[in-house]
Amino acid sequence: MSLKRKATDLAADAAKKPKANASITSFFSQPKPNPSTSSTNPSHPASSPTAADTEPIKFDKDAWIAKLTAEQKELLKLEIETLHESWLGALKDEVVSKEFLDLKRFLKRELEAGKKVFPPSEDVYSWSRHTPLQSVKAVIIGQDPYHNLNQAHGLCFSVRPPTPAPPSLKNMYIALKKDYPDFKAPPKNGGLLTPWADHGVLLLNTCLTVRAHEANSHAGKGWERFTQKVIDTVAKKRTKGVVFLAWGNPAQKRCTGINGSKHLVLKSVHPSPLSASRGFFECGHFKKANEWLKNRYGDEGAIDWNLDVAPEDAGV
């Protein structure tokens, strides 16, 4: 498959620099309007060559909100306003669970205590808006969001320009080059993966938030249960099949319940410099994923892994 692609208009929020969100107001107040939450966004068509296998979820959002308590409405303001409706409809019972509400109370306390949390509030669910449920072809499972300034923006492994690609992502480029010799990494040593997300690759971290400069600081607080529900929802709803790229033991454990006769689970060591030399570079996952997707969906099912997008096309 050729990786040469036409310039893509990325969502407006994909290229703007993240802003610090140290206050409780910024985390629970209404984010700026985001075109990618709209079903009319051309980068997220209502139907796609692979959408037919996902049964429509009947979800009356207004009626659901009307049944929430005042506290639930406050705690779930971010989910109500920024989680794509295809996902909110599928996860509506999970977000009102005791465990998830306790997670939101924890996050509220963090911010009330003056802690800075990454990614910026409007980006916590950007994965859902770039990759609605009905468009998911593949899932890449990450772990913790990047915890330094101008890094995390809600897609695992991805960073916005001008932040350079982190080491694990650079190793992913090396593996891609082995699979597709004509692959070209983003310009200026970049690491923006929104083209993948817009093409059906769900880039999901296990934890969706982190305290600034403190790795794994929000681990064990409830995100793991929620993101497992996301993975389980994909496995259940995408009935024609999805590819799960599980790199490293933590990601592989997340995929233990996936039906291998319906979906493809590709396992390898993590692309981190600590482990990539033990087989990641030669795993061939990017090409294997496309071969399997083409077999299931035809040529249009293959993922365009190319990232050679000019800065102006990325809104930079």
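This is a short tour of a predicted model, stop by stop. Residues are numbered from 1 along each chain as its sequence is written, and side-chain values use heavy atoms, leaving out hydrogens and water. Local features need pLDDT of at least 70, side-chain atom pairs count only at pLDDT 80 or more, and totals for chains, interfaces and linings use all residues.

Start by colouring by pLDDT, the predictor's confidence in each residue, from 0 to 100. The protein's mean is 85, with 80% of its residues at 70 or more. Now select residues 1-49, where pLDDT stays under 50. Where pLDDT is low, the predicted coordinates should not be read in detail.

Next, select helix 6, residues 85-95 (helices are DSSP runs of H or I, at least four residues; strands are runs of E, at least two; both are numbered from the N terminus). Among its buried residues are Trp87, Leu88 and Leu91 (buried means under 20% relative accessible area, exposed over 50%, partly exposed in between, with a 1.4 Å probe and protein chains only). Their cover includes helix 7 (98-112) and helix 11 (223-237).

Show Lys104 and Glu79, which pair at 2.7 Å, N to O. This pair ties helix 7 to helix 5, 25 residues apart in sequence, and both residues are buried.

Then pick Glu99, bridged to Arg225 at 3.6 Å. Glu99 is partly exposed at 37% relative accessibility, and Arg225 is partly exposed at 41%.

Finish with Glu71, Lys98, Asp102 and Arg105, linked in a salt-bridge network.

Key. Contact means heavy atoms within 4.5 Å. A salt bridge is a side-chain nitrogen of Lys or Arg within 4 Å of a carboxyl oxygen of Asp or Glu.
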